[in-house]
Amino acid sequence: MKRNHSVSEERVEKLFSKELISSMHNQEELLNKMVTEIKQLTLASHVELYLYDDWKDDFELVKIASNDEKLFRRYLISDGILKKEENKRYHSEFNIYNGQETFRHQYDYPAFLVALNDNDSKVGYMLISFEAAFDDNDNFYCFLEKIASEINALLNGLDDYSQTMEQASKYELMYRVTQKFHSTMNTNDVLTEIVDAIKYIYPDFSCNLFLSRDYQSDKKLPVKELIYNEEFADKLSVKAFSTGEIKIEVDKNKSRLFAPLHGKQGTYGVLQITAYDISKFPESDVEFIRLLANTAGNALENAQLYQQSNQLIADLQLINEISHKLNSNLRLNETTLFMKQQLKESFHAEEIGFVLLNEEVRKYQILQESTAFFDSADAKIFIDEMVEILKEEQDAIFIGDFTAKYPNRSFGLKAVMVMPMIQSDQLKGAIIILHPKPYFFSFENFKLIKSIVHHSTLAFVNSMLREQLENLVITDYLTKLYSRKYLDEKCKQHLETDTKGIFLLLDIDDFKQVNDTYGHDVGDELIIQVANIIMDEIKNVGFSARWGGEELAVYLPECNLKKGMEVASTLVKVIEISSHPKITVSIGIACWDQNNPENMNNIFDRADRSLYEAKRLGKNGVAKI
């Protein structure tokens, strides 16, 4: 049996009564009411409403009213019928007896697809189907057109209202976010606020922050390093950062948007938003994300500038404190220990070495205050190379990963900073700072330490000059042994504090004959040779001085006669073997202990008489009287 649908204007007006329109503030209620009223008005068995989804770039089923759970939407969507129908200008219709054989085989009743238009663009479709055949005359199609027109008007109003409310919600959030941005100068707070804002507006999306510098951010935040070298140049995150423009990529199952975080002075990173199961980002949302990213970029810039200002003040205070301390007439070892402590505390350096250069002999000296590594064989090879680079370039060396740069010269310490100490355009030495972790020191650390060393170099040089001057006063110019006056003072001090001691007086045999044969220059050279042998043999057990002319003296504190005789005999043998031209020496020995206290003059006198005894006995030997 066929049904005749002749619908009056009053029935259409009933569909869109004031009661229905007044419910526009509730979209869910409105759409429910709409499809229910249409189903009742048209006597349809089945009504479905499809609306265009900007995110998925497709038509999505939003409401249904049906007597039967056997729905058409699987055909409409899987066969792409809605996509095909989109090209038709006004409303489209199809039914099972008019070209849609698929439905004929499945369901034996008519169906109509009505287009909902807005200025020639489809905003949606309404699907109406019936359980029995009827006369689909002109009145019925006019009725469908009237319904479509009224639905369009209602949806337009609803869409305008929804967009207004959405925009209001977004910009209210933007206002709150901006307030929070301006209330903090902490980069971690800014980054947290960016992520929270994205999660609030787009709860189903994920986001990452690619930052161009190392921020100490909360580990829970999705922060990643922005790597913008040649290897990663084609990545959209890098392109967004370098061009300052939003970039979008669409994959099969997800879309990504990359928004640069702009400030007034530069770009500080990229905000990445990943949306799943969508085809595109609507323009309104792209513009909102752009505004959020720019606001966040300015906030990051302000926080960074504020923190840089605080860091600069702290750096200047540190430089001032170190300079003030170093300029307080410290001795060289005190200066070195203080610098070592400051570098460890402020920069957590693992190994610190202090190298002084002696241009006269073209050698360097590693100060004993340096850490343990600088006593190793690896350290010597490393320092040799670094010193040569410093001499050539006269500038600081900063190596993030020494092993990567020099793969064949690994010594277990990867982060390297070598700071030259330059005074009056002359390289005086260097401070070497090391750590086993690669890239442990930041470039900011490098610049600050470079400034500290620059300001402290004068203090180091002054300490070195002061000690050099002191050494000149207490040291013999030719032999570099102590002077006679200093020896007297040192021996007197030991007489007051020690329990025993040995004094040796050494004389080169037949020295006049040596001078007459080889000349005074060779004679001076032989005295230097003897002095060096003495320093090598007694460096851990005593001290020595030039007594006068070819005579040299040795004092061995807390040493008994037996040990003193061994040391003296060793000196006699080594000098005879090692000297060139070959010479011999005679040694006189004097001892004392607390049971037989003596003054230094008596000890000197006995040693002198012992020396003459050694000469009398045939030279090249040791004697004691």
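Two strands pair if DSSP finds at least two bridges between them. Helices (H or I, at least four residues) and strands (E, at least two) are DSSP runs, numbered from the N terminus. Everything here comes from a predicted model, where local features need pLDDT of at least 70, side-chain atom pairs count only at pLDDT 80 or more, and totals for chains, interfaces and linings use all residues. Residues are numbered from 1 along each chain as its sequence is written, and side-chain values use heavy atoms, with hydrogens and water left out.

**View 1. Strand S11 and its partners.** Leu 211 sits opposite Gly 269 in S11. Strand S7 (residues 206–211) runs antiparallel to S11, and six bridges join them. Strand S10 (residues 254–262) also pairs with S11 in the antiparallel sense, this time over eight bridges. Look for Leu 257, whose bridge partner in S11 is Ile 273. To get from S10 to S11, the chain makes a hairpin through four residues. Nine of the 10 residues of S11 (residues 267–276) are buried, so the rest of the structure largely encloses this strand. (Buried means under 20% relative accessible area, with a 1.4 Å probe and protein chains only.)

**View 2. Glu 48 in strand S2.** Is Glu 48 buried or exposed? Glu 48 is buried, with a relative accessible area of 0%. Glu 48 belongs to S2 (residues 46–53), and its side chain makes a polar contact of 2.5 Å with the side chain of His 46. (A polar contact is a pair of N or O atoms within 3.5 Å; within protein, one must be able to donate a hydrogen and the other to accept it, and residues adjacent in sequence count only if both atoms are side-chain atoms.)

**View 3. An open sheet of five strands.** The order is S18-S19-S17-S20-S21, and the pairing is mixed. S18 and S21 (622–624) stand at the edges with a single partner strand each, so one side of each has no neighbour in the sheet. Within the sheet, S17 (residues 500–508) and S19 (residues 551–557) run antiparallel, joined by seven bridges.

**View 4. Lining of the largest pocket.** (On a 1 Å grid over the protein atoms alone, a pocket is an open set of points where a 1.4 Å probe fits, with protein on both sides within 12 Å along at least five of seven lines; lining residues have an atom within 4 Å of a point.) The lining has 41 residues, and Asn 358, Gln 365, Gln 468, Asn 471 and Lys 480 lie nearest the centre. Helix H14 gives the largest share, eight residues.

Note on methods:
Buried < 20%, exposed > 50% of the residue type's maximum accessible area, 1.4 Å probe, protein only.
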